[in-house]
Amino acid sequence: MNPKILIIGACGQIGSELTTKLRHIYGDNQVVASDISYNNLDIVNSGLFEILDAQDYASLKICIEKYEINTVYLMAAMLSATGEKYPMKAWDLNMNSLFHVLNLAKEGFIKKVFWPSSIAVFGPTTPKVNTPQYTVMEPSTVYGITKQVGERWCEYYFNKYNVDVRSIRYPGIISHKTLPGGGTTDYAVDIYHKALSDGHYECFLTEETELPMMFMDDAIKATVDIMQAPTESIKIRSAYNLAAISFTPREVAESIKKQLSDFTISYAPDFRQDIADSWPKSIDDNEARKHWNWSHEFDLDAITNEMLTNLEKKTLQNS
Ligand code: VAH
């Protein structure tokens, strides 16, 4: 099947880089980017783009028929921190959008679906070190609840209606091209921006808060890999654990100091500390590595180098 791709939430942190990557792989005319507003002009002006509300079933169906879409990447969601401020909005956006895409796939309008889950599906009762693929999952955030329920529905639509939906549990994602929005792991992006602009960062998590993290290039590679994998190699239809590295705010500060020796950090935990404390410290992603040959590339110092180098370049270009 020649993919004709629709990316929902294409202006977001992952969606924007996924759009660029998929356009590079399949060609600009094979990829339609969409979002609820024009909030990333690089994406809007670099190829096919549609304004689309992920909760509007009729508009979604019209877009899919207009472009003869056969593959959908559903990247629109309300993340953990914002979801705690607006629980019902988070539930509605994260679940209505998934049901619309799954039902259009069930009715034959879509042939293949990617839907992102998250390590947020794990909760305070989950084993925190090398969290296994199958374990106790009692998420304590609205975002985590939507991801846990979403995984169950994805597996149900595969088993009951043979919908080819694939999913991975993203850790915190670090990137320099587009700012994240409303996440608990966003500190790991903010710290690099502030290291360059202020030489100091006040972290909203405590220094020893260890969380699973991944550079955007690795996350995009995993997303493309799982979607290109032969059907028979996808043996888990809820969502795959996915991991690269884990680190604490103190460790990322030390990595930054290797390049910016005067950088300083302070700690002022806020409501996001409780969210972070409910999540694993590290993830066992053996199944992804065995079933579809996943492997990561970037360690912490490589991430720091990529972030500081590219953010400095961007500052020079904008000055
Ligand atoms: C968040 N970046 O912080 C997201 C992610 C694992 C965390 O799902 O909400």
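A polar contact is a pair of N or O atoms within 3.5 Å. The views below show a predicted model.

View 1. A polar side-chain atom of Ser118 sits 2.8 Å from an oxygen atom of the ligand. The ligand taken alone exposes 280 Å², and the protein buries 95% of that.

**View 2. Residues around the ligand.** Leu79 and Ser80 are among the surrounding residues, as are Ser118 and Ile119. Tyr143, Tyr170, Pro171 and Gly172 also surround the ligand.

**View 3. Helix α6 and its cover.** Helix α6 covers residues 142-161. Its 20 residues should span 28 Å at 1.5 Å a residue, and the end C-alpha atoms are 27 Å apart, which agrees. Buried residues of α6 include Val142, Tyr143, Gly144, Thr146 and Lys147. Gly150, Glu151, Cys154 and Tyr157 are buried too. Their cover includes helices α4 (80-85) and α5 (87-106). Strands β6 (117-118), β7 (164-166) and β8 (168-170) are also part of that cover. Asn162 follows α6, with a positive phi near 55°.

**View 4. The largest nonpolar core.** This core has 38 residues. Ile174, Tyr187, Tyr192 and Phe247 have the most contacts inside it. Elements giving two or more residues include α7 (187-197), α9 (249-257), α10 (272-277) and α12 (300-318). Strands β10 (200-203), β11 (211-215) and β13 (245-247) do likewise. Helix α7 gives the most, with six residues.

Technical notes:
Residues numbered from 1 in each chain as written. Predicted model: local features only at pLDDT ≥ 70, side-chain atom pairs only at ≥ 80, totals over all residues. Heavy atoms only, no water. Helix = DSSP H or I, 4+ residues; strand = E, 2+ residues; numbered from the N terminus. Expected span 1.5 Å × (residues − 1). Buried < 20%, exposed > 50% of the residue type's maximum accessible area, 1.4 Å probe, protein only. Contact = heavy atoms within 4.5 Å. Near = heavy atom within 4 Å. Polar contact = N/O pair within 3.5 Å; in protein donor to acceptor, adjacent residues only side chain to side chain. Areas by Shrake-Rupley, 256 points an atom, 1.4 Å probe, with all protein chains shown as cover. Core = buried A, V, L, I, M, F, W, Y, C linked by side-chain atoms within 4.5 Å.
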